[in-house]
Amino acid sequence: MDLYGGTINKLIEELAGLPGIGNKSAQRLAFHLINMPKEKVERLAKTMVEARTNVRYCKECFTLTEHELCPVCANQGRDHGTIMVVETTRDLAAYEKTGKYTGVYHVLHGAISPMLGIGPNDIRLKELMQRLQSDIQEVIIATNSSLEGETTAMYIGKLIKPTGIKVTRIASGVPVGGDLEYIDEVTLLRALEGRTEL
Ligand code: ZN
């Protein structure tokens, strides 16, 4: 039954394809967009296309950035011998917000999940191992404390151990299954300070 007409239906369908947006939210957003001033919609659409076009992966740490190197990797004042491994760019942002971490990062873009069929080759793990060829003193594994995060931490720990590089895991002050980005800065810092060697 075509209540709304093709264009609206198409818009609802596109919006419903985004993560976290169900059919109802998609309908609400679609009608909201249609009632917005045309210039505002154009600006939104333009920003989306620009972001998609300009944003790429940092060639060092693989976070999202508009330049060849992200601001953290480009900063010579940071400790480039300490790498914190996180699952997503959002996790990196959460640690950056604390303003207390002075090392650099490595963004895996996911975690190992046998259940979802995500293996070590599906995340940026090879790239991490390549970075360890240079002078690295410590790798801090700050993946989430979910099953996937723990699996990934264990896997990376085993991989790095033979290289002789110090490898640590952040303390489990982070609630189980908790996404790092939702955790307050004090908890993040405590988890970082309380890290233990693997
Ligand atoms: Zn970077």
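**Zinc site.** I started at the zinc ion, whose protein donors are Cys-58 (SG), Cys-61 (SG), Cys-70 (SG) and Cys-73 (SG), lying 2.3 Å from it. Donors here are N, O and S atoms within 2.8 Å of the metal (3.2 Å for Na, K and Ca); water is not among the atoms, so sites may look incomplete. This is a predicted model, where local features need pLDDT of at least 70 and side-chain atom pairs count only at pLDDT 80 or more, while totals for chains, interfaces and linings use all residues. Residues are numbered from 1 along each chain as its sequence is written, and side-chain values use heavy atoms, with hydrogens and water left out.

I checked the geometry next: the angles among the four donor atoms are 104 to 118°, and the site is tetrahedral (for four donors, all angles between 85 and 135 degrees). Along the sequence I read the donor spacing as C-x2-C-x8-C-x2-C.

**Sheet.** I then traced an open, mixed sheet of five strands, ordered β4-β3-β5-β6-β7. At its edges I have β4 (103–107) and β7 (196–197), each pairing on one side only. Strands are DSSP runs of E, at least two residues, and helices are runs of H or I, at least four, numbered from the N terminus; two strands pair if DSSP finds at least two bridges between them. β3 (residues 79–86) and β5 (residues 138–141) run parallel, joined by four bridges.

**Helices on the sheet.** I find helix α5 (residues 89–98) across β3 and β4, at about 160° to β4. Helix α7 (residues 147–160) lies across β3, β5 and β6 (166–169), at about 165° to β6. Axes are lines fitted to C-alpha atoms, for helices over the stretch in contact, with angles from 0 to 180 degrees between N-to-C directions; contact means heavy atoms within 4.5 Å.

**Glu-138.** I stopped at this residue of β5, which stands opposite Thr-82. Glu-138 is buried, at 8% relative accessible area. Its side chain makes a polar contact with the side chain of Arg-195 at 2.7 Å (N or O atoms within 3.5 Å; within protein, one able to donate a hydrogen and the other to accept it, and residues adjacent in sequence count only if both atoms are side-chain atoms). Beyond neighbours within four places in sequence, I list among its contacts Gly-81, Ile-83, Ile-165 and Thr-168.

**Whole chain.** I noted eight helices and seven strands. Of the 198 residues, 38% are buried.

Terms used. Buried < 20%, exposed > 50% of the residue type's maximum accessible area, 1.4 Å probe, protein only. Tetrahedral: all angles 85-135°; square planar, octahedral: opposite > 155°, others 65-115°.
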